[in-house]
Amino acid sequence: MKLLTNTLTPKWLLALSLSLFILISCQKGTKDLPAEQESSTSQNNNSNEHGHLKQTKEYSSDVLLRWIDFQLTLYKINSGVMGGIGGARFAAWTGITAYESVVPGMPAYQSLSGQLTAFTGLPTTAPGFAYHWPQSLNAALAYLTTNLFPAPAGQKAAQDQSIKDFKDNLYNEFLNGGASAELLNRSSIFGEGVATKIVQWVNSENKPIIADTYPTEAGFDIASGEWVRTNPNAPSALRNWGLTRLFVPGSLAGIVTSDPYTYSTTQSSDFRNMAQAIYDKSYNPHNLSLSDRLTIANYYAISGYGAGHYLNIVKQVLEKANPTLDISALILAQTGMAAEDAGVGCVQVKYANNVVRPQTYIRKIFGDAGWTPPIGQPNHPDYPSGHSTLAGATAEILTSHFGNNFSFMDKSFIDFTGSQHFDAREHSSFTEMANEIGDSRVYGQIHYPRSCDDGLALGRKVAQNILSKVKFLKD
């Protein structure tokens with residue numbers, strides 16, 4: 001996955017702020033407002049009650065989808081930092097925070113406190129008091145985004161102000177819609193308290209550092225075939241990421257940890273034939289034109305939203321399926337955790353095997369010293385494919401909720417311009433989407449097919465582990 005550095009000029013930032021203001025203004029009036037009026041009326045009619053105790057499922061997912069849209073603007077302007085396998089953690093933090101901020105209003109479900117690694121001590125709601133769950137989520141995501149999302153250089157204060165403005169606009173919508181200030185403020189305190197604990201939890205991780213000792217292609221050992229850095233001017237990417245604390249203990253159980261390849265430079269050997277197919281662009285399981293294959297390769301390789309592309313895919317699925325707030329928060333937590341833990345497992349396997357990239361093999365063994373793939377490649381080993389791993393994890397969670405015949409359009413890049421603009425891609429199922437993402441890395445000549453197939457399998461296995469190990473539903 002492509003890592004780019006983005007800068008934000010003051011003029012660009014002003015344009016972003018204005019567009020966000022217009023977006024917020026145009027989206028006044030959520031589906032929650034009639035329910036909020038009921039809560040306010042209940043409080044006014046009976047001063048001995050603390051408001052109508054509404055469940056999370058009584059609210060639409062509107063506020064969560066709007067927060068995802070807002071966060072995607074931050075991914076877009078900072079896609080270099082928020083890209084790649086490591087970028088998956090931001091969506092995971094958002095999903096966990098969204099879920100924990102509304103789960104007290106989900107009687108059949110329970111908190112993740114005590115289930116995730118070192119995750120305890122979350123605040124609880126006051127018994128008998130009503131909470132406005134969209135506002136709880138609003139306050140929680142505002143605090144999380146302010147404290148954990150990076151900002152372009154010199155733009156932290158401006159980004160924080162845009163987050164506050166977005167949060168305040170939502171609060172005022174709820175207030176104007178009939179929710180009482182007392183109800184909203186109580187909900188804000190709870191939501192921000194949840195996010196405060198989550199930020200502390202995130203920042204409590206103390207990951208060891210391993211020295212980077214990998215040579216560049218100039219030092220490639222033809223005899224051993226060990227991976228070397230394809231970018232001589234950058235360090236090994238994600239070298240320490242495999243040491244990241246897993247969200248779910250045991251989430252990597254059962255993944256394949258050894259690569260299936262037998263390295264060889266001998267004519268007609270399996271490994272050489274595999275590299276030759278990459279070089280010849282002969283991998284074409286769906287009989288597509290070379291132009292179509294290159295379009296697919298570029299579609300999943302642009303910087304765009306960075307790892308936020310997967311978050312945007314989940315958002316578009318939720319928009320079509322239209323579940324209530326409880327289910328959307330659950331799905332966001334599950335997809336986020338599955339992708340992040342799968343990414344950690346992927347990096348562990350990468351550096352345990354150090355499979356050489358096609359570029360190095362083609363240059364050193366085939367003698368085409370100036371050959372480069374048509375898309376950028378991360379500076380880490382080939383096996384397994386990181387993009388495929390994230391796709392497999394995301395697809396598995398979505399399939400568990402909506403089945404494997406759910407069709408949807410991915411319109412992630414239709415509003416981009418220039419080389420970042422792409423028409424929407426139609427998917428007949430989540431499996432088909434994930435397979436296309438895997439194929440895209442072979443079409444882009446940066447991975448072997450088996451590396452993508454096994455990456456998809458790794459992601460699916462981690463997602464299955466999370467669904468089986470974490471108790472979302474109460475007994």
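Me: What does Leu137 touch, leaving out residues up to four places away in sequence?
Reply: This is a predicted model, and in it Leu137 touches Val63, Leu64, Trp67, Ala98, Ser101, Val102 and Leu325.

Me: Which residues of the largest nonpolar core touch the most other members?
Reply: Leu137 is one of them, along with Trp67, Tyr75, Tyr99, Met337 and Tyr448. That core has 131 residues.

Me: And where does the largest share of this core come from?
Reply: From H11, with 15 residues. As a general point, nonpolar side chains in soluble globular proteins tend to be buried together.

Me: Let's stay with H11. Where does Lys350 sit?
Reply: Inside that helix, H11, which covers residues 325-353.

Me: Is Lys350 buried or exposed?
Reply: Lys350 is buried, and it has no salt bridge. The nearest side chain of opposite charge belongs to Asp382, 6.6 Å away. A salt bridge needs the nitrogen and the carboxyl oxygen within 4 Å.

Me: What does the side chain of Lys350 make a polar contact with, then?
Reply: With the side chain of His380, at 3.4 Å.

Me: What else is Lys350 in contact with, leaving aside neighbours within four places in sequence?
Reply: The list runs through Pro381, Asp382, Tyr383, Pro384, Ser385 and Gly386, and also takes in Ile85, Arg357, His380 and His447.

Me: Which ring cluster is Tyr383 in?
Reply: Ring pairs link Tyr383 with Tyr261, Tyr263, Phe271, Tyr279, Tyr361, Phe366, Trp371 and Tyr448. Tyr448 also turned up among the core residues that touch the most other members.

Me: How many aromatic pairs are there in the whole structure?
Reply: The search finds 36. One of them is Tyr131 with Trp133, a stacked pair at 5.4 Å centre to centre and 20° between the planes. Tyr131 and Trp133 are both buried.

Me: Why is the pair of Trp133 and Phe190 called edge-to-face?
Reply: Because their planes are at 80°, and planes over 60 degrees apart count as edge-to-face. The ring centres are 6.3 Å apart. This pair links distant parts of the chain, with Trp133 in helix H5 (residues 133-148) and Phe190 in helix H7 (residues 181-203), 57 residues apart. Phe190 is buried, as is Trp133.

Me: Back to charges. How many salt bridges does the whole structure have?
Reply: A search finds 11. Among them is Lys315 with Asp69, where the closest N and O atoms are 2.7 Å apart. Those two are 246 residues apart in the chain, Lys315 in helix H10 (residues 308-321) and Asp69 in helix H3 (residues 62-77).

Me: Is Lys315 buried or exposed?
Reply: Buried, at 8% relative accessible area. Asp69 is partly exposed, at 22%.

Me: What does Arg425 form a salt bridge with?
Reply: Glu436, with the closest N and O atoms 2.8 Å apart. Arg425 is in strand S2 (residues 425-427) and Glu436 in helix H14 (residues 430-443), 11 residues apart. Glu436 counts as buried, with 11% relative accessibility.

Me: And Asp475, what does it form a salt bridge with?
Reply: Lys471, with 3.4 Å between the closest N and O atoms. Asp475 is exposed at 88% relative accessible area, while Lys471 is partly exposed at 44%.

Me: Which residues are linked in a network of salt bridges?
Reply: Asp62, Arg66 and Glu173.

Technical notes:
Residues numbered from 1 in each chain as written. Predicted model: local features only at pLDDT ≥ 70, side-chain atom pairs only at ≥ 80, totals over all residues. Heavy atoms only, no water. Helix = DSSP H or I, 4+ residues; strand = E, 2+ residues; numbered from the N terminus. Buried < 20%, exposed > 50% of the residue type's maximum accessible area, 1.4 Å probe, protein only. Lys, Arg positive; Asp, Glu negative; His and termini not counted. Polar contact = N/O pair within 3.5 Å; in protein donor to acceptor, adjacent residues only side chain to side chain. Contact = heavy atoms within 4.5 Å. Core = buried A, V, L, I, M, F, W, Y, C linked by side-chain atoms within 4.5 Å. Phe/Tyr/Trp six-rings, centres within 6.5 Å; stacked < 30°, edge-to-face > 60°.
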